[in-house]
Amino acid sequence: MSSEYMLIAVILFAGAVVAVPIASRLGLGSVLGYLLAGIVLSPVLRWAGTDVIGLQHFAEFGVVMMLFLIGLEMSPKSLWEMRSRIFVLGGLQVTATTVLVAGLAMLMGQPWTVSLAIGMALALSSTAIVNQTLNEKGLLRCDGGQASFSVLLFQDIAVIPMLVFIPLLAIPELRDAVAPAAAGDHQAAGHIGLNLSLVDGLQGWQVALVSFATIMTVVAGGHFLTDPIFRFVSRTRLRELFVSTALMLVLAIDLLMTMVGLSPALGAFLAGVVMARSDYRHEIESDISPFKGIFLGVFFITVGAGINFTLLSDNIGMVLGLTFGLILLKMMVLFVLAYMFKIRGVDKWLFTLATAQAGEFGFVLLSFTVANAVVPGDIADLVLLVVALSMLFTPLLFILYDRVIARRYSNLQERKADEIDSSAKIIIAGHGRFGGIVNRALSAAGFATTVVDYSSEQLEMLRGFGLRAYFGDATRPDLLHAAGIEDAKVLVIAIDGKDSITNLARYVCKHYPDLHVVARAYDRMHVYDLWSIGCRDIIRETYDSSIRAGRSAFEALGFTRDQSTRMMQEFEEMDRSLMLDLADLYDSNVPISENEPFKARSRDMKEEWEHELKGRMGVNRPDDANRGD
């Protein structure tokens, strides 16, 4: 590797190492950190003679790997269930945006062919930025996130017919000007490049047939060959070979789809969906994920570095106006579609803001329009600036969603709690996977309960099954009063959020000391927090299931059910007594790592605990359990 390439690599990684942690700490997200790093590094990269656009095309491989990994997390069944949103919702978004953008371009004096090409390029959104941000924020599985993903997936599919259609819009005068320049560049290169296309010179129906055969090859190969290939490679017990095979697989799909003029991102996604049932799915995912992050980071940096600041400064008013106009136009289209497809509440705004930008495939299409004499180069340069700036502003739209819109909806919910008319002596705060089981058990035994939950979706589901529940924030004293806490006998705290549970338990233990409180604890340290504020009936949410898992492990080692049960009972009794011993040394105001008396007592008890527990659990181990000693 030459020193120039090493210098470029050092510059890119140094920029990411500095910018991304700062942006993340400020709550701006990693994507905006990469983009800002690219802007700052732009002069340095140009000084180093870096081909930013060429590097960008190489880094787009990260988009391919991202869609491959998304496909691995899905299944053909889930994809089929999303078909209406993918093709109808996505199709309407692309069509409406293309028509509106093209119409506005024509009003600005552009020919209809140029306007239509620009409309298609700007109708696409950024798969890389949106999916990366939705994943980081845990929003990909919500209704707004799923709708955004459906639109992005259709856009990746729509790139294929767009690439076929754009050459038909060529302007004869522009083609005559482009052809000599292209020929001169080709002669200057001094050689004819390797042509790997499988569709050059074919008629339309032949191209369609080859494309269909290629997709079927990817699907069939992913289904029948993945497990045998990785089974063969895994026998070598060389992890680096497994990683190389996984990368080779994605690269091969990328190459094959490119050779027939299809979207490599789409092909990788389909291959991921097909391989979702593979026995090696999790291993493939863990091997490719780090490389995806590296390539995506470089791609975002090149987007920031690729901004033409000279052209921007000369036309800053027009470019910013076009950028914000594009974002507002796409938001309008998305908002209407959200209403049509019944995407409600905060999900409506997530969907509206998430895909309101132009995307990386816009770079591809605009370069393609210039090469095919459809859009003049000076106009394409301005539109490329709009694409880049809209991508740069996207993380800011997510910040607007997080800090303004999501909070506003949360505040609206607080003001609309239900009126509680129940006189039950048992109050259950939270009806999720924990509180729901408690409520079902008590109701089955004939006890009346007052259920309060802060999730409107959860309560609508409960009411659909005929269960009585009230909407509201159980941590509010006025709502507890309305629920009849003064006369209640039992309060079960099963709400989400470690701090919310602790604060509610603290308030109730202080103001209603005679009320029996059953509190859900997240982990061992949370038990100590709740104990320190006076709560004495504390249930670790995964503790009982862990005890059962330990019993199953003993049975798998050859112990009988009675032996396994007794051994875990001994463990449970010892564990509870140790927690009580340490609880008096716990101080919620001192971090556990700085609580020296607590740490010292834990160390002293460890050897005593292990020795005594072995004696209390003492059972002659089966022969199978002795193997490997």
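A: Definition to begin with: buried means under 20% relative accessible area, exposed means over 50%, and partly exposed lies in between (1.4 Å probe, protein chains only). This is a predicted model, in which local features need pLDDT of at least 70 and side-chain atom pairs count only at pLDDT 80 or more, while totals for chains, interfaces and linings use all residues. Residues are numbered from 1 along each chain as its sequence is written, and side-chain values use heavy atoms, with hydrogens and water left out.

Q: Is Val-88 buried, partly exposed or exposed?
A: Val-88 counts as partly exposed, because its relative accessibility is 41%. Val-88 is found in helix H6; helices (H or I, at least four residues) and strands (E, at least two) are DSSP runs, numbered from the N terminus.

Q: Which residues make the nonpolar surface patch?
A: Phe-87, Val-88, Leu-92, Leu-100, Met-332, Val-336, Tyr-339 and Met-340 make a patch of about 760 Å². Patch residues have over 30% relative accessible area and no salt bridge; like charges are joined within 9 Å, nonpolar side chains (Val, Leu, Ile, Met, Phe, Trp, Tyr) within 5 Å. The areas come from the Shrake-Rupley method with a 1.4 Å probe, and for residues only the protein chains shown count as cover.

Q: Which helices supply at least two residues each?
A: Helix H6 (83–107) and helix H17 (316–340).

Q: Switching to charges. How many salt bridges are there?
A: The count is 4, a salt bridge being a side-chain nitrogen of Lys or Arg within 4 Å of a carboxyl oxygen of Asp or Glu.

Q: What does Arg-85 pair with?
A: With Asp-143, at 2.8 Å from N to O. That pair links distant parts of the chain, 58 residues apart: Arg-85 is in helix H6 and Asp-143 in helix H9 (residues 143–165). Arg-85 is buried at 18% relative accessible area, and Asp-143 is partly exposed at 29%.

Q: And what about Glu-555?
A: Glu-555 forms a salt bridge with Arg-561, with the closest N and O atoms 2.5 Å apart. Salt bridges that share partners join Arg-551, Glu-555 and Arg-561 into one network.

Q: Last one: which residues of helix H12 are buried?
A: In H12 (residues 226–234) they are Thr-226, Asp-227, Phe-230 and Val-233. They cover an arc of only 130 degrees around the axis, so they are on the same side of H12. The arc is that of the directions from the helix axis to the C-beta atoms.
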